[in-house]
Amino acid sequence: MTIHVRSRAGIAFVTATAALALTACGGGAKRTDDGKIDGAESAPAAASASPGKASPPAGGGGGGADRPKITLPDDVHNVFEGGKTGDPQKDAILADNEQRINSVDEVVTSGDLNRPGLKYYSAEGALASAVKYIKGFESSGTSFTGTTRYYNRTVTLLKTDGLAVLTYCSDATKAYSKDRKSGKVDMTPGSDQDYAFYNTRLKKNSAGVWQTVSVVSEGGSTQCRS
């Protein structure tokens, strides 16, 4: 299994049993999250793509006005397909997962680990790997720019109330590594390694927010090249 890293803001998080490793794909430190770290459910909803630029999500699981605002740079775009399943609980899970991905990207692009969205939407192993992912960008002096697409999103509600599994694919072929100081963008074309499959677990906290608690990702996923 490969922990995929895309140069922009992907979130590749792993479970406690998986190795906390980072691998570069494409040109530079690409991102992959939930996979985005420099390192699951198939939602049968309609393919209504929406760029993830701000928060809170319209169909969030809870938290209301207390939800932190998440803002991404104008040159960074996350497109989420299939956001509506018709099931309010599954839709809330998808919405909170979108915000988790956005929150990780916000920290990577801003360089500010204290942005509140990170701990709001990530916990346990997913939070630890997100921080490791973020620090990889920091140590390499890079960020990212471009567009990442998230698709084939499927939510499975587990028998234990308040737990769910979300699987999805990401396409980071149009996301590029960016030097933090000079702003220079590495336009190396994307490759098959920029397609990643994610298997994540979410847990509903006391505030009603579906936090991602673990993420396992596979870079170069053949099932996601569509």
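This passage describes the fold, model confidence and selected side-chain interactions of the protein.

The structure is a predicted model, in which local features require a pLDDT of at least 70 and side-chain atom pairs count only at pLDDT 80 or more, while totals for chains, interfaces and linings use all residues. Residues are numbered from 1 along each chain as its sequence is written, and side-chain values use heavy atoms, with hydrogens and water left out.

The mean pLDDT (the predictor's confidence in each residue, from 0 to 100) is 78, and 71% of the residues reach 70 or more. Where pLDDT is low, the predicted coordinates should not be read in detail.

Three helices and nine strands make up the secondary structure, assigned as DSSP runs numbered from the N terminus (helices, H or I, at least four residues; strands, E, at least two). Their order along the sequence is β-β-β-β-α-α-α-β-β-β-β-β. Of the 226 residues, 54% count as buried, with buried meaning under 20% relative accessible area, exposed over 50% and partly exposed in between (1.4 Å probe, protein chains only). The accessible surface comes to about 9,200 Å², of which 51% belongs to carbon and sulfur atoms; these areas derive from the Shrake-Rupley method with a 1.4 Å probe, and for residues only the protein chains shown count as cover.

Aromatic pairs were assigned where the ring centres of Phe, Tyr and Trp (its six-membered ring) lie within 6.5 Å, with planes under 30 degrees apart classed as stacked, over 60 as edge-to-face and the rest as tilted. By this rule there are six aromatic pairs. One of them joins Tyr133 and Phe137 edge-to-face, at 5.0 Å centre to centre and 90° between the planes. Tyr133 and Phe137 are four residues apart in helix α3 (residues 124-140) and are therefore separated by about one helical turn. Tyr133 is buried at 0% relative accessibility, and Phe137 is likewise buried, with a relative accessible area of 0%. Elsewhere, ring pairs link Phe80, Tyr150, Tyr168 and Tyr198 into a cluster.

Arg149 lies over the face of Tyr151, at 3.8 Å from the ring centre; the criterion is NZ of Lys or CZ of Arg within 6 Å of the ring centre and within 35 degrees of the ring normal.

Asp171 is located in strand β6 (residues 163-179) and counts as buried, at 12% relative accessibility. The side chain of Asp171 makes a polar contact with that of Thr173 at 2.7 Å. Such a contact is a pair of N or O atoms within 3.5 Å; within protein, one must be able to donate a hydrogen and the other to accept it, and residues adjacent in sequence count only if both atoms are side-chain atoms.
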